[in-house]
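This briefing goes through a structural model topic by topic, with the cut-offs behind each term given where the term comes up. Please keep the sequence and the coordinates at hand while reading.

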Amino acid sequence: MITFIPLTGFLGAGKTTTMTAAALALQAQGRKVAVITNDQGVELVDTKLVRSKLDSVAEVTGGCFCCKFEDLVEAVVALVASDGVDTVIAEAVGSCTDLQATVVRPLRQYYGEDMVVAPLTTVVDPLRHLAFARAAERGEPESDLSYLFRQQVTEADVIAVNKLDTIEPDRAEELLASLRTGNPKATVVGYSATTGDRLETLLDAWRAPAGNEDVVLDIDYDRYAAAEAQLAWMNQELDLTAAGDGFDATGWARTVLRELSAWAADHAAVIGHAKITVETAGGDFAKLSLTESGAEPTLDRAAAAAAPAGRAVVNARVACEPGDLDAAVTRAVEAADLAASVTSSATAPVSFKPSYPRPVHRLAPTGA
């Protein structure tokens, strides 16, 4: 019997880090674990990082699990057949919601004899949650992005507050208590996927029964689509060549994200996430990420040494027009090239806004 663990949560919440850390912890307990990444686009930065740590990795691209349901099932079947896994953790696109109806219930109904579906887990960034909460407290109208975030939390069986190490302990406990009060049917846990602190509370929650599986979201799909359409999605590849003997791949990526962070802050553009990997000619790679306008990039992996050449992949999800994001990334790359003494050659930017979400299945709770 396969155990399928579905993850959702807003862009930048740390779903991939959570998925990887949890997979390694479960493997240490004797489970054979595979993971599936998911995105509206292709050429995923996260997939490369996950593959550097785990053996069994697949991806579903070109849409969320709800709209690519059969692709998701095929990926699970292929992982089980080729790698003999007994546990699959899958993270949905960060702008997706309504997964209880469009993914969890269909899996249980159509594949329940072969698969145990664990409680649906929404990964939450505490700072993002507090920012949305402060806007509500000020009486501001609920934005479409805040609406999407609220729906993700509302449908969760498990609310997994990641990055607890980024806020003060007293504030963390207040946040957890508030989420428990507001979502009495959900299990609320707090942890840090980066440090591993309290991660076992999340693993325990996955073994418990789902407490919110009968939830029916009162969701406006037009508004859901509008929230997704606020974000420009950009994927771009670049070939990098050092002017001298070698260049600092980590430094180049850091400069790109710093420039993009500053631009987003100047233009009040919300960053869902921006991520870069640079694979060097020797096979090493650097990976950095950014989840907040005006913030410093986070280093996820550093390249060990200078290299004569490399290939970069940029994933950026920002609340702006696609053309504006293309131009901002182009300027950021030019600044990084100058700082690192690099010549870059880019593919044409593939920027777009997601199409209207059209799930393959949408099932009501049993007996409803």
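A pocket is found on a 1 Å grid over the protein atoms alone, as an open set of points with protein on both sides within 12 Å along at least five of seven lines, whereas a cavity is a set of points where a 1.4 Å probe fits but cannot get out; lining residues are those with an atom within 4 Å of a point. The model is predicted, and for that reason local features need pLDDT of at least 70 and side-chain atom pairs count only at pLDDT 80 or more, while totals for chains, interfaces and linings use all residues. Residues are numbered from 1 along each chain as its sequence is written, and side-chain values use heavy atoms, with hydrogens and water left out.

**The second largest pocket**

- The lining of the second largest pocket consists of 23 residues, and those that lie nearest its centre are Phe132, Ala133, Ala136, Ser146 and Phe149.
- Two or more lining residues come from each of helix 5 (126-137), helix 6 (144-154) and helix 7 (169-182), where helices are DSSP runs of H or I with at least four residues and strands are runs of E with at least two, numbered from the N terminus.
- The volume of this pocket is about 530 Å³, a volume being the space filled by probe spheres set on the grid points, which are joined across faces, edges and corners.
- By residue class, the lining divides into eleven nonpolar, eight polar and four charged residues; here Ala, Val, Leu, Ile, Met, Phe, Trp, Tyr, Cys and Pro count as nonpolar, Asp, Glu, Lys and Arg as charged, and the others, Gly among them, as polar.

**Helix 6 and Asp144**

- Helix 6 is largely enclosed by the rest of the structure, because nine of its eleven residues are buried, that is, under 20% relative accessible area with a 1.4 Å probe and protein chains only, as against exposed at over 50% and partly exposed in between.
- The buried residues of helix 6 are Asp144, Leu145, Ser146, Tyr147, Leu148, Phe149, Gln151, Gln152 and Val153, and the elements that cover them include strand 1 (2-8), strand 6 (121-124), helix 5, strand 7 (158-161), helix 7 and helix 9 (221-229).
- Asp144, found in helix 6, is in contact (heavy atoms within 4.5 Å) with Arg223, Ala226, Ala227 and Gln230, when residues up to four places away in sequence are not counted.
- The side chains of Asp144 and Arg223 make a polar contact of 2.8 Å, a term for a pair of N or O atoms within 3.5 Å of which, within protein, one must be able to donate a hydrogen and the other to accept it, with residues adjacent in sequence counting only if both atoms are side-chain atoms.
- Asp144 and Ala229 are 85 residues apart in sequence, yet their C-alpha atoms are 9.6 Å apart in space.

**The disulfide and other cysteines**

- The structure holds one disulfide, defined as a pair of cysteine sulfur atoms within 2.5 Å, and this link joins Cys64 to Cys96 with an S to S distance of 2.5 Å.
- Cys64 lies in the loop between strand 3 (57-61) and helix 3 (69-83) and Cys96 in the loop between strand 4 (87-91) and helix 4 (99-111), so the pair ties together parts that are 32 residues apart in sequence.
- The link of Cys64 and Cys96 is left-handed, with -95° about the S-S bond, and both Cys64 and Cys96 are buried.
- Cys67 is in no disulfide, the nearest cysteine sulfur being that of Cys66 at 3.7 Å; Cys67 is partly exposed, with a relative accessible area of 29%.

- Ser192, in the loop between strand 8 (187-190) and helix 8 (199-207), counts as buried at 2% relative accessibility.
- The side chain of Ser192 makes a polar contact of 3.1 Å with the side chain of Asp165, and, neighbours within four places in sequence left aside, Ser192 is in contact with Asn162, Lys163, Asp165 and Asp197.
- Lys163 lies in the loop between strand 7 and helix 7 and, as a residue other than glycine, has a positive phi, near 60°; at 18% relative accessibility Lys163 counts as buried.
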